[in-house]
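Subject: Structure for your files, with notes

Hello,

Here is the structure I said I would pass on. My notes follow below it.

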Amino acid sequence: MTTLSELEAPQRTPVSDAAPDQVVLAVRGVHIHDHVSDREIVHGISFELTPGKAVGIVGESGSGKTLTCRAALGILPEHFAVSGGSIDIVGHDIAELSPAQWTELRGSTISAVFQDPASYLNPSIRVGAQIAEVIRVKTGATRRQARHRALELLAAVQLRNPALVYAQFTYELSGGMLQRVLIAAAIAADPTVVIADEATTALDVTVQAEILDLLADLQERTGLALLVVSHDLAVVAQLCDEVLVMREGQVVEQGTTAEVLHHPQHEYTRMLIAEHEQYGLERYLHSELSAEVGLNRAG
Amino acid sequence: MPAEANPAVLQISDLDVYYGARRRRRQALDGVSLQVSRGETVGLIGETGSGKSTLARTVLGLVPAAAGHIRIDGEAVAGYSRRQWRTLRRRGVIQYVFQDPLRSLDPDVTIEDSLIEPLLIQGVGRTEALRRVRPLLQRVHLDTELLARLPGELSGGQRQRIAVARALVTEPELVILDEPVSALDSANRVEVLEILKQLRAAGVALVFISHDLGSVAGIADRVAVMYQGRLVETGPTRQVITAPQHVYTRLLVGSAPTLHSAAADRAERAALRAALQHV
């Protein structure tokens with residue numbers, strides 16, 4: 001099985017356009033406004049990503065976490081707009097980007113994986129060809145090179161028979177396999193930042209862990225920066241250095257993962273932690289920890 | 001056989017189930033044996049395609065068994081005709097709650113009519129049925145003003161609680177819940193789990209089906225783990241989580257996201273995945 005370390009170095013190293021301490025994604029005091037309801041939906045969110053860093057956003061559906069991701073990708077739905085603050089991608093203020101510059105950045109600098117992989121792939125084109133297409137367009141590779149690289153990527157995301165999967169259609173693959181294909185497509189042009197928005201939510205727990213491990217591998221070995229969005233605090237805690245907790249468009253808590261887990265300030269964060277402590281595996285695996293943090297109140 | 005003679009509300013032994021015919025025949029369940037005692041809560045865990053939902057559907061008579069025995073409330077049901085199944089279901093000894101209550105609640109029927117329907121089928125009068133349904137709403141922490149509404153006018157969490165209430169109207173011995181909290185957000189998940197805990201305390205046996213060990217850990221007395229159509233491990237919840245035996249169970253426990261360090265690290269999970277290829 002090809003692992004990521006064996007994966008051939010691309011023509012361009014992943015972080016060539018970003019020094020290790022360079023801020024690759026900066027979200028500064030961003031507000032998002034909905035013109036239809038004339039209401040502000042996101043009331044100010046700020047965080048920074050440097051190469052190899054992972055930031056997580058936790059919140060319910062409707063908390064504004066997905067809109068924040070879409071703002072960073074320049075794909076807010078039509079009637080939404082960034083009404084305050086700024087977003088920089090490797091030093092470029094996205095408000096000043098032309099459509100051509102956006103096309104240039106997407107895929108090769110910032111890319112994303114969402115919850116429902118099937119809806120981001122064309123059902124009538126073999127999945128391998130769709131990845132190869134990304135490689136051809138983004139790196140100028142020949143068809144042959146693109147096919148070769150696509151097969152390498154399919155192996156790198158731990159699909160057991162890359163040549164077979166390459167020639168398959170979306171309906172022939174399971175949800176976990178599709179999500180791996182989508183991750184392969186997302187990293188095909190060696191982006192600096194990958195946004196994973198509920199990317200593992202619909203998957204079995206063991207497959208979820210496999211995908212999260214894959215992202216952690218990429219982060220370690222290639223210096224990929226990750227923005228991980230989930231409704232599950234534990235998913236974010238496993239992968240991220242910093243956590244933001246969002247509720248109704250407000251960031252109610254923000255800090256290092258350890259700070260947030262051990263000294264939660266907001267009642268909502270405490271509820272998310274208590275749910276795990278009372279109903280999750282933590283009850284059996286980390287009873288000494290929960291006692292220490294004083295979370296077993298209802299226990 | 002009278003119910004009292006058998007303390008198990010559900011007894012499954014050596015169950016085989018196949019899907020498809022001839023060359024496309026695939027075994028969905030392979031020699032599955034499981035017993036659920038009165039008032040017991042069993043977490044039935046497995047990944048997509050492991051056979052956990054097939055097991056539930058077989059118990060409900062929706063999928064025929066090729067071999068093995070099922071006893072519900074002491075009564076051997078394998079080989080039941082459709083008619084016998086209908087009679088059994090009408091008695092409401094076993095009830096079923098789906099992941100998505102929109103599938104089990106008719107969108108054009110008010111909550112009130114949905115709730116009393118199982119009783120009307122049993123021949124209970126409307127007034128009496130309504131009298132019995134009201135306290136159930138309290139049990140699922142909902143206001144009686146919701147009775148006049150349609151399922152579409154309720155939130156996902158409210159709908160799931162209505163589905164639980166509807167499962168309770170026939171005073172079942174056993175409720176099978178298929179991923180009852182997977183689609184809910186945190187607050188509603190806790191609410192539904194609280195309700196299930198109260199049901200357990202009231203002596204209703206529960207089979208809680210989920211792909212996620214974490215979602216049943218806080219409520220199940222016992223956990224049964226399915227993998228590729230077989231029951232690979234059964235034991236008290238604490239034992240299965242702290243000392244898993246089967247490779248799949250070890251991977252399952254090691255894969256569950258936890259707030260602190262996971263039960264297995266990345267390298268251990270990779271080794272377990274590799275080992276599982278040879279099981």
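How many residues of domain 1 of chain A are in contact with domain 2 of chain A, and how many residues of domain 2 do they touch? On the domain 1 side there are 16 residues, and on the domain 2 side 11. Please keep in mind that this is a predicted model.

**The two domains of chain A**

Domain 1 of chain A covers 4–263, and domain 2 of chain A covers 264–299. Their centres, taken over C-alpha atoms, are 30 Å apart. Together the two domains bury about 1100 Å², of which 63% is on carbon and sulfur atoms. Of the area that domain 1 of chain A buries against domain 2 of chain A, 33% is supplied by A:L233, A:E253 and A:H262, more than by any other three residues.

On the side of domain 1 of chain A that touches domain 2 of chain A, the elements giving two or more residues are helix 8 (233–239), strand 9 (242–247), strand 10 (250–256) and helix 9 (257–262) of chain A. Helix 9 of chain A gives the largest share, four residues. Sorted by class, that side of domain 1 of chain A has eight nonpolar, three polar and five charged residues.

**A threonine in chain B**

B:T237 is placed in helix 8 of chain B, residues 237–242. Its relative accessible area is 2%, so B:T237 is buried. The side chain of B:T237 reaches the backbone oxygen of B:A220 at 2.6 Å. Neighbours within four places in sequence aside, B:T237 is in contact with B:A217, B:A220, B:D221, B:R222 and B:V223, and also with A:Y284 of chain A.

**Two residues with positive phi**

A:D38 is not a glycine, yet has a positive phi of about 50°. A:D38 is found in the loop between strand 1 (25–34) and strand 2 (39–49) of chain A. With a relative accessibility of 56%, A:D38 counts as exposed, because the cut-off for exposed is over 50%.

B:H141, also not a glycine, has a positive phi of about 55°. The loop that holds B:H141 runs between helix 4 (126–139) and helix 5 (156–168) of chain B. B:H141 counts as partly exposed, at 34% relative accessibility.

Regards

Note on methods
Residues are numbered from 1 along each chain as its sequence is written. Chains are lettered from A and ligands numbered from 1 in the order in which they are written. This is a predicted model: local features need pLDDT of at least 70, side-chain atom pairs count only at pLDDT 80 or more; totals for chains, interfaces and linings use all residues. Side-chain values use heavy atoms; hydrogens and water are left out. Buried means under 20% relative accessible area, exposed over 50%, partly exposed in between (1.4 Å probe, protein chains only). A polar contact is a pair of N or O atoms within 3.5 Å; within protein, one must be able to donate a hydrogen and the other to accept it, and residues adjacent in sequence count only if both atoms are side-chain atoms. Contact means heavy atoms within 4.5 Å. Domain bounds come from an automatic or database domain assignment. Buried area is the accessible area (1.4 Å probe) that two parts lose on being put together, summed over both. Ala, Val, Leu, Ile, Met, Phe, Trp, Tyr, Cys and Pro count as nonpolar, Asp, Glu, Lys and Arg as charged, and the others, Gly among them, as polar.
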